[in-house]
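Here are some notes to read alongside the model, written as numbered points.

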Amino acid sequence: MKKTSIVLAVLLVGSCAFALDKNLAKTKAQTGINLPEAEWKLPEALNEDGTIDESKMLKSKYSEMAILGNKVLNETSNYLGPQAKDKNKHFAGNNLSCSSCHAAAGTVQNQSGFVGIWARFPQYNARADKVITLADRINGCFERSMNGKRMPENTLEMKAMLTYMQWLSQGIPTGAKTKGQGLKKIDFIDRAADPKKGKIVYNEKCIVCHQENGLGVKNEDKVGAYYIYPPLWGKDSYNTGAGMYRLIKAASYIKENMPKGNADLTLEESYDVAAYINSQMRPIKANRDKDFPDRKVKPLDMDVGPYDDSFSTTQHRYGPYKTMIKN
């Protein structure tokens with residue numbers, strides 16, 4: 001896909017829209033806070049590439065933390081991954097950056113951006129079937145998309161990421177949704193997704209950046225993120241517990257954003273290429289059968305049981321999904 005990267009993460013959005021019983025999922029997630037949807041607005045100091053123009057920031061300890069948080073998100077492997085000089089900070093198990101998923105440090109609409117995210121937490125998390133904090137959600141990404149482990153909430157880098165997310169969310173009231181947050185909803189297709197057809201789409205649209213072997217392109221300049229275009233499979237990619245490993249979530253991102261600047265894939269192509277990508281080898285997340293303990297709010301595209309329905313694991317993984325929804 002041209003000069004971009006497919007999102008690679010357990011996205012910081014909910015799964016309720018894709019739950020087996022979506023009405024129950026919505027009920028569990030209700031806050032009782034009813035506010036107008038906030039506008040998507042970026043701070044003046046943000047550059048188009050998602051970095052911060054430090055000359056436009058106040059000279060304060062708060063600014064220092066927000067700037068550090070931005071750098072951690074853009075260059076995660078250097079601060080908290082395999083490239084970090086301090087081995088005690090190797091919380092990420094791969095060389096992805098948070099910005100591999102949340103484009104330009106979470107500043108792009110409909111790409112799981114962070115604008116307003118400070119106002120939306122704590123929130124209900126269907127995977128754990130409980131209310132979690134924003135730090136919990138970040139750690140979920142490190143365990144799954146980064147194929148790593150949780151970091152203590154009192155680490156400098158965790159505090160910095162939270163500070164940046166608060167700074168990015170300035171002016172948005174507690175509990176408010178933000179226009180362009182998360183991913184756009186997509187329709188289901190009338191058939192199962194086909195990895196073989198998806199390979200054709202991948203070869204036509206994605207190889208130029210993510211390479212035929214799916215391992216992406218490393219940044220040879222050694223300045224900034226480890227990858228220019230991140231791997232979509234292999235040992236340095238997201239594990240099977242990541243949100244991107246689920247078909248509907250992956251297809252949603254691909255349909256709206258790929259190829260960048262010319263998002264022209266059809267709905268069927270988006271599902272098929274997502275199926276192809278996720279049929280490739282990647283790290284395995286253990287104990288996925290413990291995810292989504294309330295089976296009624298388990299996403300349709302979760303390919304590990306147990307289920308509260310009679311559909312096969314293959315159908316959960318590839319669809320078709322229209323007949324599976326409980327209205």
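1. R317 is partly exposed, with a relative accessible area of 24%. Please keep in mind from the start that this is a predicted model. R317 pairs with D303 in a salt bridge whose closest N and O atoms are 3.7 Å apart. This pair links distant parts of the chain, 14 residues apart: R317 belongs to helix α11, while D303 sits in the loop between α10 and α11. Is D303 buried or exposed? With a relative accessibility of 12%, D303 counts as buried, since the cut-off for buried is under 20%.

2. How many salt bridges does the structure hold? The count is 19. One of them joins R191 to D272, with 2.7 Å between the closest N and O atoms. R191 is partly exposed at 22% relative accessible area, whereas D272, at 3%, counts as buried.

3. Another salt bridge to look up is the one between the side chains of R246 and D301, at 2.8 Å from N to O. Here too the pair links distant parts of the chain, 55 residues apart: R246 is in the loop between β4 (227–229) and α9, and D301 is in the loop between α10 and α11. Both R246 and D301 are buried.

4. There is also a network to trace: salt bridges link K28, D129 and D294.

5. Now for helix α9, which spans residues 247–257. Nine of its eleven residues are buried, so α9 is largely enclosed by the rest of the structure. The buried residues are L247, I248, K249, A250, A251, S252, Y253, I254 and N257. What do they pack against? Their partners are α10 (267–277) and α11 (313–318).

6. On the α2 side, the contact is made by Y62, M65, A66, L68, G69, N70, V72 and L73. On the α6 side, the contributors are L156, E157, K159, A160, M161, T163, Y164, M165, Q166 and W167. By class, the residues of this contact divide into twelve nonpolar, four polar and two charged.

7. Helix α6 also packs with helix α5 (residues 134–144), at an angle of about 115 degrees and with the axes 11 Å apart. The crossing of α5 past α6 is right-handed. From α5, the contact takes in L134, A135, I138, N139 and F142, and from α6 it takes in M158, M161, L162 and M165. Which classes of residue make up the contact of α5 with α6? Eight are nonpolar and one is polar, with no charged residues.

8. A38 is found in the loop between α1 (22–29) and α2. A38 has a relative accessible area of 12% and is buried. Leaving out residues up to four places away in sequence, A38 touches I172, K177, T178 and K179. For a sense of scale, the C-alpha atoms of A38 and D289 are separated by 37 Å, and these two residues are 251 residues apart along the chain.

9. The last stop is G216, in the loop between α8 (207–210) and β3 (217–218). At 14% relative accessibility, G216 counts as buried. G216 and P231 are 15 residues apart in sequence, yet their C-alpha atoms are 4.2 Å apart in space. With residues up to four places away in sequence left out, G216 touches C209, H210, Q211, Y229, P230 and P231.

Conventions. Residues are numbered from 1 along each chain as its sequence is written. This is a predicted model: local features need pLDDT of at least 70, side-chain atom pairs count only at pLDDT 80 or more; totals for chains, interfaces and linings use all residues. Side-chain values use heavy atoms; hydrogens and water are left out. Buried means under 20% relative accessible area, exposed over 50%, partly exposed in between (1.4 Å probe, protein chains only). Helices (H or I, at least four residues) and strands (E, at least two) are DSSP runs, numbered from the N terminus. Contact means heavy atoms within 4.5 Å. Ala, Val, Leu, Ile, Met, Phe, Trp, Tyr, Cys and Pro count as nonpolar, Asp, Glu, Lys and Arg as charged, and the others, Gly among them, as polar. A salt bridge is a side-chain nitrogen of Lys or Arg within 4 Å of a carboxyl oxygen of Asp or Glu. Axes are lines fitted to C-alpha atoms, for helices over the stretch in contact, and angles run from 0 to 180 degrees between N-to-C directions. A crossing is left-handed if the near helix is turned anticlockwise from the far one by less than a right angle, and right-handed if clockwise.
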